[in-house]
Every structure is written in structure tokens, then in C-alpha cells.
Amino acid sequence: MTERRYYYSDDLQGQAQVLSCAPAEAGAYAVELDATLFHPQGGGQPSDVGSLGGVTVLRVQQQGDTVVHFTVAPLPNGPVTMQIDEAQRRLHARWHSAGHLIGWLGETRGWRPVKAHHWPGEGRITFAPGPDAQTIEADFLQAELARLIAADLPRRQQAVDGLRQVGFGELPAYGCGGTHVATLGEVGAIAITGLKMKKGQLNVQYELG
């Protein structure tokens, strides 16, 4: 089992132990650490990239309880320095936090978020209607998102029954394993680019400025 330090740490550099390294597909190497700062792909978010001991990390995946880092060259067992690509981490955190805000705003209108995709350039949240669902308009979402970003609410996170929950200010916290901004002002401008109904569900598309 890999200790997931990224749950409660925003550190971009740290130390870990290489437990194993084996050849993988396409000439890459699969590296297992005792603990990691790298967020693996999942939860609607791309993985972190960066380096281990100066060796490029191409992608990171979760395989059961283990986080596997795919590198361009092999690494020996023993201590290693982890370095997260700061620009990519901050970009992914902005998109993920923006998606949480849209999900919460949908809930205030009686819609339940059932699927989220926080990839840069492909942001979308899918909602199922509740019994009291109200019409959601882009203007409403746009105005409320601008208000929340301007409020610059701080992130808060906690463990409930062993599961991490993330929220901002007094907004509800949700179970989430992804990365998020420290305060909402870091998200920047959010643009609602589309609202579409399909098979009884509402799909909200968004972009970041």
C-alpha cells in the first residue's frame, strides 16, 4: 500500500523510498514507492508528472492500493527525491476545484452531480434531476461562480471515517481524492460554455480563463 501524501500536503518536493522497479509497456518502467506526492490519474483528473531522482515521470496510475509511477528509465531501490511539475499540478487543481463549485451550485437547484471530468479543455459535470429540480441557466452559474471566486474562500479538508473530504469556506465538503487550490481566488475566471440535456441528464461544460 502506498502512503498518499498528496491527500494532506501541497508539497511539490519530498523524499521517498523506491520499493520496486520493473519494465513496463512502451519502454517505460513501473516504479513503486513507499509514499508519494504524485496524484495518480483518477477521479476525473489527469495524473501529476515530474521526476524521481531526476528521471522523468511520464504518468502515474493507481493499481489497487498501490500508486505506480511510470518513468523513462529504471531506478534502483532506495531513497529518491520526488519533484512534482508545479505548473501542471496547479492547472489540474484549478480545474478540479472549479468542477466542485459547479457541482455544488447544481445541487442548490435540485440537481445531483453523477459524473465529473476535470481535464483541461474538456471540463464537464453531469447532473441527474432530483424531485424538486429547477431550471439552471448559464447566467446563474456564471454570476455565482464569479461571486465565489471573488470571496476567495479557503480550502478545508478532513478525514471522515478514514475518507478525505474537501470543501471551501462554509460550503459543503465532498469525498475527494484529487488536488485542489488553497483558496478559490487561485481558480481564476470560469466560463460556462454549454448546458445540454441528454437522456434526462444535464451536462454542464466549462472552461477556465
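Residues are numbered from 1 along each chain as its sequence is written, and side-chain values use heavy atoms, with hydrogens and water left out. Because the model is predicted, local features need pLDDT of at least 70 and side-chain atom pairs count only at pLDDT 80 or more, while totals for chains, interfaces and linings use all residues.

**Barrel.** Six strands form a closed barrel in the order β2-β3-β7-β6-β5-β8, with antiparallel pairing. From one strand to the next the twist averages 45°. Strands here are DSSP runs of E with at least two residues, and helices are runs of H or I with at least four, numbered from the N terminus. Two strands pair if DSSP finds at least two bridges between them.

**Strand β7.** This strand spans residues 66–71. Six of its six residues are buried, meaning under 20% relative accessible area with a 1.4 Å probe, protein chains only. In a regular strand the side chains alternate between the two faces of the sheet. In β7, Thr 66, Val 68 and Phe 70 lie on one side. Val 67, His 69 and Thr 71 lie on the other. Both faces are covered.

| Partner of β7 | Bridges | Residues set opposite |
|---|---|---|
| β3 (residues 29–33) | four | Tyr 29 and Thr 71 |
| β6 (residues 55–63) | six | Val 60 and His 69 |

The hairpin of β6 and β7 has two residues between the strands. There, Gly 64 takes a positive phi near 65°.

**Cavity.** The structure holds one cavity of 30 Å³ or more. A cavity is a set of points on a 1 Å grid over the protein atoms alone where a 1.4 Å probe fits but cannot get out; lining residues have an atom within 4 Å of a point. The largest cavity has a volume of about 60 Å³, taken as the space filled by probe spheres set on the points. Its lining includes His 100, Trp 104, Phe 168 and Tyr 174. Elements giving two or more residues to that lining are α1 (86–108) and β12 (163–168).

Notes:
Buried < 20%, exposed > 50% of the residue type's maximum accessible area, 1.4 Å probe, protein only. 1 Å grid on protein atoms, 1.4 Å probe; cavity = no way out; pocket = protein on both sides within 12 Å on 5 of 7 lines; lining within 4 Å. Axes fitted to C-alpha atoms, helices over the stretch in contact; angles between N-to-C directions.
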